[in-house]
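Please examine the sequence and the structure before reading on.

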Amino acid sequence: MTASGVSTLLFLAACGAPTPPGGATAPADAPVPEKPAAAVTLNVLDVAGNLQLTQAIIDEFVKTNPDMVSRVTYEKATAPDMAGKVKAQQDAGRIGIDLVLTGTDALSAGIEQNLLTPLMPRFSSRLPGMKDYLEPAAAMQKLAGGYGVLITYYPSGPLMEYAPERVPDPPSTPEELLAYAQAHPGKVGYARPANSGPGRTFLMGLPYILKDSNPKDPINGWDKTWAYLKELDKTITNYPSGTSDTMKNLANGTYDIVLSTTGWDINPRALGTVPANYKVSTFENFTWVTDAHYATIPKGVSADKQAAVLNLLAFILSPEQQAKAYDKGFFYPGPAIKGVTLAMAPAESQQVIAQFGRPEYDALIENNPKAVPLETKQLVEAFARWDREIGS
């Protein structure tokens with residue numbers, strides 16, 4: 001991403017960089033003014049692909065609030081890299097990351113390792129948009145444990161995306177998916193869950209589909225899920241490190257079927273990464289595992305920069321700006337608050353959804369149950385067990 005005024009604010013991880021202008025590092029409970037005393041530079045680190053949805057919003061905030069933010073820098077990293085980047089800077093006493101945009105994966109790691117500044121309920125009065133969360137988004141906000149602010153939301157999956165010319169009779173159950181994989185070794189794929197939204201959605205969605213004893217307990221309640229994944233593993237050659245590689249493999253014929261989500265279905269087809277005619281199939285009687293992106297502030301960020309970030313987050317959660325989260329379907333639908341319709345989105349977003357969206361998605365979202373992802377401790381346990389028993 002190119003540098004842009006507000007990017008530095010969100011979560012830039014420039015390891016070893018000196019503390020940027022905007023005041024000395026601050027303890028987590030230091031007073032935070034309503035606005036910074038002078039315009040600050042914000043460093044934003046995105047470990048979730050969230051800038052695809054919010055960079056235009058951030059840029060608009062910088063443009064209209066030059067008294068708060070003078071410049072933003074953006075950096076991208078993978079979710080597993082986030083904790084190491086932040087901790088290295090904190091240990092050196094030179095925090096250079098002001099705002100992190102993350103999914104539940106890196107958020108969980110940040111909470112587990114005590115790297116993040118507590119935000120809720122301390123700053124709830126500064127973020128009135130949070131009162132208007134959609135019900136599933138409000139449930140996901142609780143997963144942040146007060147350390148993050150949910151800024152975009154979608155029902156996610158799990159879905160199966162496939163090449164119709166190679167898969168004339170797509171699977172509709174886990175058993176049928178396994179049978180296809182066994183008959184076509186190497187042709188079904190998904191990415192490592194710790195670094196892939198579709199990967200972790202598949203991981204967390206299986207216990208509901210397979211009717212495991214406790215979908216919220218990956219250690220003691222997922223016997224059917226772990227057994228299934230081990231059988232599927234026998235057909236899989238390798239696990240890509242990220243979802244983008246699975247989509248490229250689907251397009252080039254390496255895979256016939258990949259595990260996907262609404263956004264990872266729509267957006268790659270809109271971008272031309274995946275052929276426009278590729279299709280999706282759903283598991284019978286599945287439960288949506290919802291997903292979201294959060295804004296977090298690492299410990300040690302100055303009070304002035306925290307003030308700028310809080311004002312930015314309030315701006316992001318306004319209806320007009322939330323409508324931009326429809327984007328090109330990357331996180332479909334995308335908005336986290338009530339009353340934000342596609343008709344409010346930019347014309348380009350409306351055109352993309354009209355051309356590449358699925359008419360059936362609205363009914364599937366409305367008529368199938370939704371479950372929040374695992375809480376932090378359980379999600380970390382699930383990732384670790386998958387890495388140990390499946391990915392290894």
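## A buried strand residue

Leu45 counts as buried because its relative accessibility is 0%; buried means under 20% relative accessible area, exposed over 50% and partly exposed in between, with a 1.4 Å probe and protein chains only. Leu45 lies in strand 1 (residues 40-46). Between the C-alpha atoms of Leu45 and Lys87, which are 42 residues apart along the chain, the separation is 14 Å.

## Basis of the model

The model is predicted: local features need pLDDT of at least 70, side-chain atom pairs count only at pLDDT 80 or more, and totals for chains, interfaces and linings use all residues. Residues are numbered from 1 along each chain as its sequence is written, and side-chain values use heavy atoms, leaving out hydrogens and water.

Helices (H or I, at least four residues) and strands (E, at least two) are DSSP runs, numbered from the N terminus.

## Strands 4 and 9

Strand 4 (residues 149-157) is mostly covered, with nine of its nine residues buried. Strand 4 runs antiparallel to strand 9 (residues 288-296), and six bridges join them; two strands pair if DSSP finds at least two bridges between them. Gly157 has Val289 as its bridge partner in strand 9.

## Helices 7 and 8

Two packed helices are described by the angle between their axes and the distance between the axes. Helix 7 (residues 197-209) packs on helix 8 (residues 223-233) at an angle of about 125 degrees, and their axes are 9 Å apart. Axes are lines fitted to C-alpha atoms, for helices over the stretch in contact, and angles run from 0 to 180 degrees between N-to-C directions. Helix 7 is therefore oblique to helix 8: angles under 35 degrees count as roughly parallel, over 145 as roughly antiparallel, 65 to 115 as roughly perpendicular and the rest as oblique.

The contact (heavy atoms within 4.5 Å) involves Phe202, Leu203, Leu206 and Pro207 of helix 7, together with Thr225, Trp226, Tyr228, Leu229 and Leu232 of helix 8.

## Helix 15 and its neighbours

Which residues of helix 15 (residues 376-391) are buried? They are Thr376, Leu379, Ala382, Phe383, Arg385, Trp386 and Ile390. The buried residues of helix 15 pack against helix 4 (104-112), helix 5 (135-143), helix 7 and helix 8.

The axes of helix 8 and helix 15 cross at roughly 40 degrees and come within 11 Å, and the two helices are therefore oblique to each other. Here Trp226, Leu229, Lys230 and Asp233 of helix 8 meet Ala382, Arg385, Trp386, Glu389 and Ile390 of helix 15.
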